[in-house]
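Let us walk through this structure together.

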Amino acid sequence: QLIQNAFPRETAVQAPAQRINYMLGQWPRMKLDLRIVQESGLVRLICWSLVIYSVLAFLTDFLFNTVSVQHFTVDGKVQVDRLTAFYGFFDGISITVSLVFQFFLVNRILRTMGLTNAQLVLPGMFGAGFASIFLGGYFGGAQGAFLPTLGTRLGQKFLSSSLHRSSMTILYSPIASEKRGRSKAFAEGIVQPAGVLAAGLLILSIKVLPLAAVAGIALAVSVLYIFLMLRLRKVYLNQILKMFEDKNFGVLESFAGMFARIGEKEILDKLCVCLTDKDFNIRNFVVELLGEIQNKSAIDPLIGLYRGEENPTVKATAIMVLGKLGTPRIAPVLREAMQSKDERIKANAIEAVMVSKNTELYGQIGDALKDPHPRISTNAAIAVWRLKIQEEIPRAMEILSGHYRNGTMPQRLSALYALGEIATPEAVDMLIEASRQPEQKILSRAILSLGSTKSEKAAKTLIDLLPAVNSSLQNQIT
């Protein structure tokens with residue numbers, strides 16, 4: 001397996017001499033991968049963690065099979081049918097639990113605990129599990145160790161395939177982009193199989209030992225695993241924090257989406273410190289990152305930033321992020337933003353009210369319908385419809401219709417955008433009417449908005465338009 005992962009599969013069909021020459025030719029690439037590992041403390045720790053995880057996973061499997069066979073052995077004879085049925089039932093339960101955990105709990109746990117804290121869950125489970133197997137095996141033999149082994153194996157299977165795998169992938173994020181892929185491929189393609197080899201050799205050497213002794217060895221390895229992951233946590237956080245200190249925001253931006261899945265207090269604190277940076281681009285970028293994380297502890301720093309900030313772009317971004325955080329505490333600052341004379345701030349404030357569903361401010365949305373700025377009145381119309389402010393819906397449609405038919409070009413385009421978001425039959429009819437207009441900008445916006453409605457009538461209109469428009473608009477339609 002090590003050789004298969006190190007060299008492409010097509011070499012297997014070559015003549016032996018060609019294969020040897022090819023493998024020798026790959027040695028410089030292997031040396032480069034090794035150099036990357038040597039230069040990065042983070043990659044080294046990831047590699048060691050994969051080796052130790054492989055050892056613990058196979059020790060768990062060995063203990064599970066050993067106690068299962070002994071549990072279903074009666075008068076020296078293994079009850080094969082019952083054992084087979086047990087394995088099938090156990091696999092079904094573990095797969096179901098893993099899927100539920102992966103789809104409904106993993107992201108919540110990562111946000112609550114933080115990425116590096118979540119990495120300690122599996123080592124902690126191994127430690128607790130092997131300790132209970134050791135005690136059960138020491139005092140009760142195989143029968144006493146059966147239930148603890150069952151729980152440890154179940155925990156290993158569903159944590160490994162969900163929480164552990166999800167968080168391990170993110171650990172590579174601080175590595176430079178040109179080295180990240182090679183590091184991951186080397187660690188998972190070469191080092192992890194080496195861990196499997198080490199696990200096999202270890203099991204061969206200790207399989208004659210009593211069950212409690214094997215569990216004791218596994219417990220010692222799991223304690224080492226815990227200490228290693230604590231060290232990995234420290235190195236990972238230091239590398240992320242160093243990027244902020246070096247103002248390496250270009251690298252941080254390349255994996256900004258990752259911040260939506262972390263919750264480390266150290267990183268949140270550093271982000272809040274960066275809100276005071278002299279460069280407004282950095283302040284704006286940090287606000288966007290806080291929006292990705294959506295940690296409510298950022299509310300007070302963001303409110304302070306909004307009230308003390310002079311740059312309207314940063315203020316507009318901050319008010320939008322506060323809307324995403326959506327607690328009653330943001331109502332006063334949203335009310336302030338709704339009174340702003342800056343178009344971006346007021347438009348984003350309307351979106352923030354729409355996202356947070358703050359009923360205290362619904363009345364101000366109705367007032368914003370008659371604002372002369374097209375972006376503000378458009379956002380207000382969309383908010384009226386989505387929030388189901390019934391008394392304002394007729395006026396919202398009337399204003400959008402007026403903007404489309406009699407407004408300036410920016411007003412007409414904004415109205416078409418809003419109609420696509422509202423997507424009522426009346427809105428679809430207006431968009432179909434707009435799709436027959438000669439102006440290129442109007443036609444392009446109408447096509448995009450028809451697509452947003454996801455209605456059958458809109459789809460038929462777009463299909464009929466295909467032969468009659470230029471290639472650029474055809475691409476939009478398709």
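A salt bridge is a side-chain nitrogen of Lys or Arg within 4 Å of a carboxyl oxygen of Asp or Glu. The structure holds 15 of them. This is a predicted model: local features need pLDDT of at least 70, side-chain atom pairs count only at pLDDT 80 or more, and totals for chains, interfaces and linings use all residues. Residues are numbered from 1 along each chain as its sequence is written, and side-chain values use heavy atoms, with hydrogens and water left out.

Side chains of opposite charge can pair when their charged atoms come close. Take Arg283 and Glu309. They form a salt bridge, and their closest N and O atoms are 2.8 Å apart. This pair links distant parts of the chain, 26 residues apart. Arg283 sits in helix α13 (residues 280-293), while Glu309 is in the loop between α14 (299-308) and α15 (312-325). Helices here are DSSP runs (H or I, at least four residues), numbered from the N terminus.

Are these two residues buried or exposed? Buried means under 20% relative accessible area, exposed means over 50%, and partly exposed lies in between (1.4 Å probe, protein chains only). Arg283 has 11% relative accessibility, so it counts as buried. Glu309 is buried because its relative accessible area is 10%.

Now look at Arg335 and Glu360. Their salt bridge has its closest N and O atoms 3.3 Å apart. It too links distant parts of the chain: Arg335 is in helix α16 (residues 331-338), and Glu360 is in the loop between α17 (343-356) and α18 (362-368). Arg335 is partly exposed, at 35%. Glu360 is exposed, at 52%.

Next comes the nonpolar core. Such a core is a set of buried Ala, Val, Leu, Ile, Met, Phe, Trp, Tyr and Cys residues joined through side-chain atoms within 4.5 Å. The largest one has 143 residues, and Leu302 and Ile365 touch the most other members. Helix α4 (residues 41-71) gives the largest share of this core, 17 residues. Beyond its neighbours within four places in sequence, Leu302 is in contact (heavy atoms within 4.5 Å) with Val287, Leu290, Val321, Leu322 and Leu325.

In soluble globular proteins, nonpolar side chains tend to be buried together. What, then, of Phe103? Phe103 lies in helix α5 (residues 80-104). Its relative accessibility is 63%, so Phe103 counts as exposed.

Definitions and conventions
Helices (H or I, at least four residues) and strands (E, at least two) are DSSP runs, numbered from the N terminus.
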